[in-house]
Amino acid sequence: MPPEKVGILALGLRENSRIMQKINGEDLTIDLLIQASILDRLSFLAWTKTKDAQKGKNPPASIVDVLRGKDKNANNDFVTFEDGEEFFKMRDEILKGQ
């Protein structure tokens, strides 16, 4: 496809399309961030009603920080696979170990 045509087609994409997210350097959609923010606020409000909140300990973790990779305590060990065969091989290894 000619580059001009690709550019014209890309211009019509939604902001939350994978291509536009890649162009803009975003890995999360605005919808997901808004939902995570709502959950963070709700978790905080629920926490304020606990005995831990009265002592100022064990506040809820921020989901937004976890999604953005800013939470140092979050377990962000992700495994990715190139194809289905690689996935099934790893799955079989895990199941044999149990």
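Author: Pro 60 is partly exposed, because its relative accessible area is 34% and partly exposed covers the range between buried, under 20%, and exposed, over 50% (1.4 Å probe, protein chains only). This is a predicted model, in which local features need pLDDT of at least 70 and side-chain atom pairs count only at pLDDT 80 or more, while totals for chains, interfaces and linings use all residues. Residues are numbered from 1 along each chain as its sequence is written, and side-chain values use heavy atoms, with hydrogens and water left out.

Pro 60 sits in the loop between α4 (51-55) and α5 (63-68); helices are DSSP runs of H or I with at least four residues, numbered from the N terminus. Leaving aside residues up to four places away in sequence, Pro 60 touches Ser 43, Phe 44 and Trp 47, where contact means heavy atoms within 4.5 Å. Glu 15 is 45 residues from Pro 60 along the chain, and their C-alpha atoms are 31 Å apart.

The loop between α4 and α5 also holds Asn 58. Most residues other than glycine have a negative phi. Asn 58 is not a glycine, yet its phi is positive, about 55 degrees. With a relative accessible area of 54%, Asn 58 is exposed.

Glu 82 counts as exposed because its relative accessibility is 73%. Together with Asp 83, Glu 85 and Glu 86, Glu 82 forms a negative surface patch. Patches take residues with over 30% relative accessible area and no salt bridge, joining like charges within 9 Å and nonpolar side chains (Val, Leu, Ile, Met, Phe, Trp, Tyr) within 5 Å. Asp and Glu count as negative, Lys and Arg as positive, and His and the chain ends are not counted. The place of a charge is CG of Asp or CD of Glu, NZ of Lys or CZ of Arg.

A nonpolar surface patch of about 530 Å² is made by Val 79, Phe 81, Phe 87, Phe 88, Met 90 and Ile 94, with areas from the Shrake-Rupley method and a 1.4 Å probe. Met 90 belongs to helix α6 and counts as partly exposed at 33% relative accessibility.

The whole structure has 1 salt bridge, meaning a side-chain nitrogen of Lys or Arg within 4 Å of a carboxyl oxygen of Asp or Glu. Asp 92 forms a salt bridge with Arg 91, and their closest N and O atoms are 3.6 Å apart. Asp 92 is partly exposed at 34%, and Arg 91 is partly exposed at 38%.

Terms used:
Helix = DSSP H or I, 4+ residues; strand = E, 2+ residues; numbered from the N terminus.
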